[in-house]
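Dear colleague,

Please find below the structure that I am handing over to you.

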Amino acid sequence: MKTWTEDATAQMERYLRQVQVLLEGGGADAREVVEDLRNHILQQGEMSAHVVINGDELRQILQRAGCPEEVASSWKELGAESWEVGGDISTPKTEPPGVARLAAGHGLKTAAIALLIALPFVLLFLYGMNRATPEDKLGQGGESIRTDRVESGASGETARAMQRETLGILPQGWFQAGTNHVDYETGTAGEMDEMTGDAVFIRSRSATAGGFSTVMREIPAAQFRGKNVTLAGTIETDLTDGGKAQLWMRIDAPDGAALGFDNMGNRPIMGKTPAKGYSISLDVPVQSERIAYGVLMTGTGTTWFDPAMKLETSGFREKPSGS
Amino acid sequence: METPFNVDNWATQLRKGLLELCILNIVAQEEVYGYDLVKRLTELPGLGIAEGSIYPLLSRMRKVGLLRARLEESSTGPARKYYALTEDGRKCWQTMNRHWDGLAGGIQGLRNGGGKP
């Protein structure tokens with residue numbers, strides 16, 4: 001896999017965020033489109049002749065993908081009336097394309113005005129909730145803020161009275177991967193107990209969520225070569241029906257082969273658990289190229305984790321070549 | 001060449017109107033990886049569409065039941081999403097192709113001097 005610079009990753013996230021905001025309220029599934037686009041961009045990066053994807057390389061990829069407005073408006077300009085579920089496609093539409101385009105444009109303007117009108121009330125609502133739960137702070141990314149009430153246990157005690165989520169947007173450097181992007185959603189959840197900043201969440205969308213989803217990042221292995229590295233992260237869970245959360249780390253060779261791997265497979269986190277520290281230790285051989293790590297989830301429920309994970313080294317196990 | 005009629009706008013609308021049919025015609029042949037589908041569409045002469053603008057369409061076509069999608073993990077990059085036609089999608093594809101064939105044939109007939117009483 002290619003290495004992405006922080007600048008390139010940040011640019012990609014900004015681009016995807018713009019697309020998501022423009023798609024919200026439209027007929028397409030904004031989260032699905034953003035994930036598809038993210039995978040398209042990552043795939044383009046994989047096809048690149050460059051080993052490192054930097055800002056310049058990413059700009060070329062995004063140029064081919066199209067500007068956010070172009071991406072978000074594509075289906076609307078076709079005439080939204082063609083997309084009625086169960087509609088009779090054999091009946092030709094008689095309105096000229098210009099009418100459909102005008103209607104779509106009107107819809108966009110209406111949505112924008114409605115958003116502007118609603119925004120102060122949403123902020124007031126959030127402020128009110130904030131006063132009731134001073135430990136929470138306003139989340140970032142007002143466009144897709146969502147509030148959820150999370151109750152815990154039979155006592156009905158509010159574990160996380162009001163948490164504000166930003167769906168589909170992850171901190172810089174982090175991205176969603178796994179075998180199933182349809183049944184799981186990810187994003188940031190605002191500040192939480194025991195976590196240093198905005199928490200990241202992975203949540204099942206379906207009661208029959210299959211496969212797994214992970215939020216992960218990759219870093220160059222250079223500074224860790226020949227050492228033992230310990231990954232430490234804070235995870236909180238509310239999992240049901242055998243759902244599992246696992247901290248994981250993998251050491252990759254230049255050809256992509258795994259030189260080391262631990263995913264807490266024999267000690268997964270299950271059920272409802274408070275924020276707690278977990279760790280994994282692996283040796284980083286001298287030929288290592290990358291370290292990939294993150295949190296994965298299988299089954300149903302929600303997993304939160306602190307993206308401010310620590311990678312600490314201890315003891316030389318191997319001497320880097322040439323030293 | 002400047003004309004009183006905006007041919008560029010007309011061509012843009014024509015291309016966009018045919019995009020769903022192009023997608024259905026590709027997917028009707030075989031299950032196809034989304035990235036490959038996008039690449040084939042953007043390389044189609046005359047279609048001239050940005051790669052990213054196809055994903056909202058695919059999402060819509062999946063939501064209304066024309067396409068189904070499945071994910072497959074890849075060892076060389078992000079998980080791959082494969083698209084296939086649903087039964088409704090296949091009916092839609094056949095109906096749209098009939099419309100296209102009739103229309104294209106009619107226009108060709110007009111160009112050949114047909115259509116006169």
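**Cavities in the predicted model**

The second largest cavity holds about 70 Å³ of space. Please bear in mind that the model is predicted.

A total of 11 residues line the second largest cavity, and those nearest its centre are Arg31(A), Glu35(A), Gly168(A), Gln176(A) and Arg205(A). Two or more residues of this lining are contributed by each of helix 2 and strand 6 (184-191) of chain A. Sorted by class, the lining of the second largest cavity comprises five polar, four charged and two nonpolar residues.

The volume of the largest cavity is about 110 Å³.

Around the largest cavity there are 14 lining residues. Nearest the centre of the largest cavity lie Asp36(A) and Asn39(A), together with Tyr33(B), Tyr35(B) and Lys81(B). The elements that supply two or more residues to this lining are helix 2 (30-47) of chain A and, from chain B, helix 2 (34-42) and strand 3 (80-85). Helix 2 of chain A provides the largest share of the lining, namely four residues. As to class, the lining of the largest cavity consists of seven nonpolar, four polar and three charged residues.

Yours sincerely

Conventions: Residues numbered from 1 in each chain as written. Chains lettered and ligands numbered in written order. Predicted model: local features only at pLDDT ≥ 70, side-chain atom pairs only at ≥ 80, totals over all residues. Heavy atoms only, no water. 1 Å grid on protein atoms, 1.4 Å probe; cavity = no way out; pocket = protein on both sides within 12 Å on 5 of 7 lines; lining within 4 Å. Points joined across faces, edges and corners; volume = space filled by probe spheres on them. Nonpolar A, V, L, I, M, F, W, Y, C, P; charged D, E, K, R; others polar.
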